[in-house]
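Work through the exercises below with the sequence and the structure in view. Each task is followed by a solution in steps.

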Amino acid sequence: MKKILPFLALLLVVAMAGIKFRAPKNPGAFDVAGFSQLPLLHNGRLKPFDTVARTSLLQLQGEQRFNPSNAPKPSTMERLADGLSGKRKPAHRPIEWLLDVCFRTEVADTYQIFEIDNADVIALFNLKTEDGRDGKRFSFNQLAKGLGELDRQAKLAAQVESAARNAFQRGVTHLHANLVHYRRLQYALVAPTRPNFLGDLKNLQENVDAGIAAVQAKQAGQPHDAALAAAMIEIGEPFVDMANVSNFLVIPPSPGETDPTAWKTAGVALLETFRSKQVNFAALAYAAFAHAWRNDKPEQFNELVRLYRNDLEKRFQAEMKKTTVETRFNAASVFTSSFTIYAIAFFAALFSWMAWPETFGRIAFWLVIVAFALATAGIATRMWLEGRPPVTNLYSSALFIGWTAVALCLVLEWFYRNAIGSAAAGLVGFGTLIIADRLHLSGDTLEMMRAVLDSNFWLATHVVVVASGYSATFLAGFLALIYVFRGLFTTTLDKATADSLARMVYGIVCFATLFSFVGTILGGIWADQSWGRFWGWDPKENGALIIVIWNALILHARWGGMIKQRGLMCLAIGGNIATAWSWFGTNMLGVGLHSYGFTDAAFMALIGFALSQLIIIGLANLPLEKWRSFRT
Amino acid sequence: MNNTVRQVRDFFVSLKLTVVLLALGILLIFAGTLAQVNLGIWAVQKQFFQSFIAIWHIGKLYVPIPGGYLVGGLLLINLIAAHIYRFQLTWKKAGIQLTHLGVILLLVGELLSGLWQETYTMRIVEGQTANYSEHERDFELAVVDTTDAKFDDVVAIPESLLADGRTVQHPKLPFRVVTKLHYPNAALARRTGQSSAPVVQNLATAGIGTQLETTSLPLTYKENERNIPAAFVELIGTGGSLGTWLVSPDLGAPQSFSHDGRTWKLALRQTRAYKPFAITLREVRHDVYPGTDIPKNFSSRVRLTTLDGSDDRDVLIYMNNPMRHGGYTFYQHQMDAGHRTTVLQAVRNPSWAIPYLACALMTLGLLWQFCFHLFGFVGKRHKLRPAAA
């Protein structure tokens, strides 16, 4: 039993993570999986519709799950019961929601997907929390009557500097931005005001010459076919709305075009018809998709997916490969699997200190390796998709800091084999992935780099090295947490374990000093290269410097004999506060050249984290007779 | 050695002092970061990092903390003293010594660049040529004799002299310059007589200032705002007052007057530094990612021409790629592509190489130290393994 258990655990998690790597199956007769891989250009990046659907849902309702029935979220127990009894219905895909938003607006408007956290904002629409799904999500139809008032409030809030807005103003601004996003989606592919858009386009193509002549004659005040001119204007006017509203560049460059980024909105492409006298092929294809989706014609839809894909693949082979991989990457959700496995590994490591150290220690170590491999694959895929070094924004910094810390833990575990490395890996991996998950809510995390940061060389050197310094400082702090908790609350911290933990913390602090220092210095050189000064006392620079000095302080205090084992642990925990401050706190100040990731809700979390660390430092200073491990 | 001297020596070479100074450094940096929210980055640099004592405002409390010069200075003394006192020439110590030598250089370099670094900006419109740059935050009163069409004879009086309210007498000027009132930040508006803002008394008797009203504003430290000074200056010749002028960079064009058969121009402007070379702006570019307004690239194509004719070439300045010439480094600073205007930042820092040298030394030292320990650790474990088996 003891021997087989680690293999069973390994098998289980590999199966759990691996099942998500299967090619996605369609929930119904429509080939929505095929549609979800089609490319479009948005926010400067070619991406599949799948990513647009997922990031839009995240941004609007705070989760990727699409729930067309507006039913409250089932509890974990209910889901488990359904799963065991085999009654589990195929889950709805985010892409199905997007198809409804684009092609069946009247249905999509009933989905409760607009998350409103602020009670005053809800009251703006004469709604109550119980009117919404999960007490906070409302449909477009529910909000429709209050849109005028929301507009007015959003304009008032816009006059206030973003850092100075109160919760209501932030809520209003957020909801307003979400409604704008929703409208851009509605107008992205077809005109939502024209139920038979395909018919419109066919009509336009058949009468294009006579129609244009009639409209021109009408404008010049000459005799013309009044009915035809009116029909043409009725068809053409929605194109203007589409061109003005949407910013999703869904129409690929024309075959003769040399600029690969010359994608257009559907509206712009359709307006060109009046010059080229030829309705754009891709725009026509999307109108046909709309027709098939609205009229429940899966065969038509699936045939269109096949034809349109084939056409695109001829011209955009490399791009299509990326969007296909990205869709699979989205579905595999490797970071979610990795997150769960880190948590299990952490508990396995905890158990190993109480019973069956060999078995549970081995389980913990193997699970950490699986989780680490998944995270590595995820980060590597993101790098390949983006063509960038690993850290490009706050989200990817969380992924990378976790990854580096776990890598260091694996090294520690290799040398010490006492499950401490695995426990720390589970804790740090889990923690950083939670942070990444929170940061993901703002939308697509594969963003384009702003001009000032657009340098792969410095991203690969300064940013990577400084992030490794952050993660080592965190790791030292988390190892110290393990020391304090094991020592205070359990009897498992014997002398040998305590000494090896102290050696680990000391070694990691040395590593942290080296990396945070070299990283900060590289940052200075980058600043000298691009802004003309080596050091400018900018908040982010100061944050990094605080980490360097803090680590140097620990080392000097240790060398000078000013601190012993417990002092080292207390200072290492203090390093957690310094790192959290540098990573997030400095972005919350809203000043400086570096502040690229402002997040206001995180402020309370940061204060809470700092306080918790201070409390633990306080606990660590309890007299030794209160420590269960050291009591004699 | 007597007891007191030994105590002083022990104090300055002690590791305890190092740790205390590092802790004070963290406190200073933290306070200096928070203070930027209200004071802005420039004021914080002056008040916190280039000072001996900094005052940290926590709510209504005013807490004095040691400033950058004090912490950095003591750290410098501590480092140098400790190294002289404990110096040993061994391989084991080499890494530590190199690292600390680097830290010493870094501290000295930061001090020097604080003292020596000059930052100017050059605002150029496409097609125009500039042969001077302007100081970002310093102003000067330029009194220009333009009688000779071939050249201008300029007397520039720093704004700081105006602020002191001193009378300026210059051998080239046939009159004295007397500052009657000076405002470090002010706004000008056409006189309406019904302004709601508190308007300062208008002393102007000559020039455009007689038609304007001046409002004194509090000093701003925001990064996207500038302080725009204004002053009333009276020119007094041998035959009495020539009049009182309102001067401010906000006026745009200089004001002209005649005195004693010579034509003069008067302007309060950003302090200029003339260069032995000229820069012509050929083209500005502000590229965004398709379908967004996320900036992808800012660049300025300029023509660099030196007076002696040794240089006459096109240079492309863009983010992360400055132009270096004549001790100056020109960076792409701001851009107004709509008005075909670029703003270059010209920085002169004679001590720019010190941080690079310091970094090289420290990186080498830390790597040395780290490898020394790592190999020691691995070696020790290798020795232990067979014994345990």
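**Exercise 1. Describe the make-up and overall form of chain A.**

Solution. Begin with the secondary structure: chain A has 27 helices and 4 strands. Along the principal axes, the C-alpha atoms of chain A fill a box of roughly 105 × 65 × 50 Å. Then turn to burial: 48% of the 632 residues in chain A are buried. Last, consider the contacts in chain A with a separation of 6 or more; 72% of them are between residues 24 or more positions apart. The model is a predicted one, and the predictor gives the complex an ipTM of 0.86 and a pTM of 0.86.

**Exercise 2. Find which parts of chain B touch chain A.**

Solution. First count the residues: 46 from chain B and 50 from chain A take part in the contact. Then list the elements of chain B that each supply at least two residues: helix 2 (15-49), helix 4 (91-116), strand 14 (295-306), strand 17 (328-336), strand 18 (341-348) and helix 6 (353-388). Helix 2 of chain B gives the largest share of this side, 18 residues. Finally, sort the side of chain B that touches chain A by class: 26 residues are nonpolar, 15 polar and 5 charged.

**Exercise 3. Describe how helix 25 and helix 26 of chain A pack, and work out their relative direction.**

Solution. Two quantities are needed: packed helices are described by the angle between their axes and the distance between the axes. Helix 25 covers residues 539-559 of chain A and helix 26 covers residues 565-588; their axes come within 8 Å and cross at roughly 175°. Angles over 145 degrees count as roughly antiparallel. Helix 25 and helix 26 of chain A are therefore roughly antiparallel to each other. The residues in contact include Trp550(A) and Ile554(A) from helix 25 of chain A, and Leu571(A) and Trp581(A) from helix 26 of chain A. By class, this contact has 12 nonpolar, 7 polar and 2 charged residues.

**Exercise 4. Describe the packing of helix 3 and helix 18 of chain A.**

Solution. Helix 3 (residues 49-61) and helix 18 (residues 317-332) of chain A pack at an angle of about 35°, with their axes 8 Å apart. Helix 3 of chain A contributes Asp50(A), Thr51(A) and Arg54(A), while helix 18 of chain A contributes Glu326(A), Thr327(A) and Asn330(A). Sorted by class, the contact holds no nonpolar, 3 polar and 3 charged residues.

**Exercise 5. Are Trp537(A) and Asp260(B) buried or exposed, and where does each lie?**

Solution. Trp537(A) sits in the loop between helix 24 (495-531) and helix 25 of chain A. Its phi is near 55°, a positive value in a residue other than glycine. Trp537(A) has 22 other C-beta atoms within 10 Å, so it is buried. Asp260(B) lies in the loop between strand 12 (255-259) and strand 13 (262-288) of chain B. Phi of Asp260(B) is near 60°, also positive in a residue other than glycine. With 12 C-beta neighbours inside 10 Å, Asp260(B) counts as exposed.

**Exercise 6. Locate Trp627(A) and list what it touches.**

Solution. Trp627(A) is in the segment after helix 27 (602-620) of chain A. With 20 other C-beta atoms within 10 Å, Trp627(A) is buried. Leaving out residues up to four places away in sequence, Trp627(A) touches Gly487(A), Leu488(A) and Leu622(A). Trp627(A) and Thr490(A) are 137 residues apart in sequence, yet 8.2 Å apart in space, C-alpha to C-alpha.

Terms used
Residues numbered from 1 in each chain as written. Chains lettered and ligands numbered in written order. Predicted model: local features only at pLDDT ≥ 70, side-chain atom pairs only at ≥ 80, totals over all residues. Axes fitted to C-alpha atoms, helices over the stretch in contact; angles between N-to-C directions. Parallel < 35°, antiparallel > 145°, perpendicular 65-115°, else oblique. Contact = placed C-beta atoms within 7 Å. Nonpolar A, V, L, I, M, F, W, Y, C, P; charged D, E, K, R; others polar.
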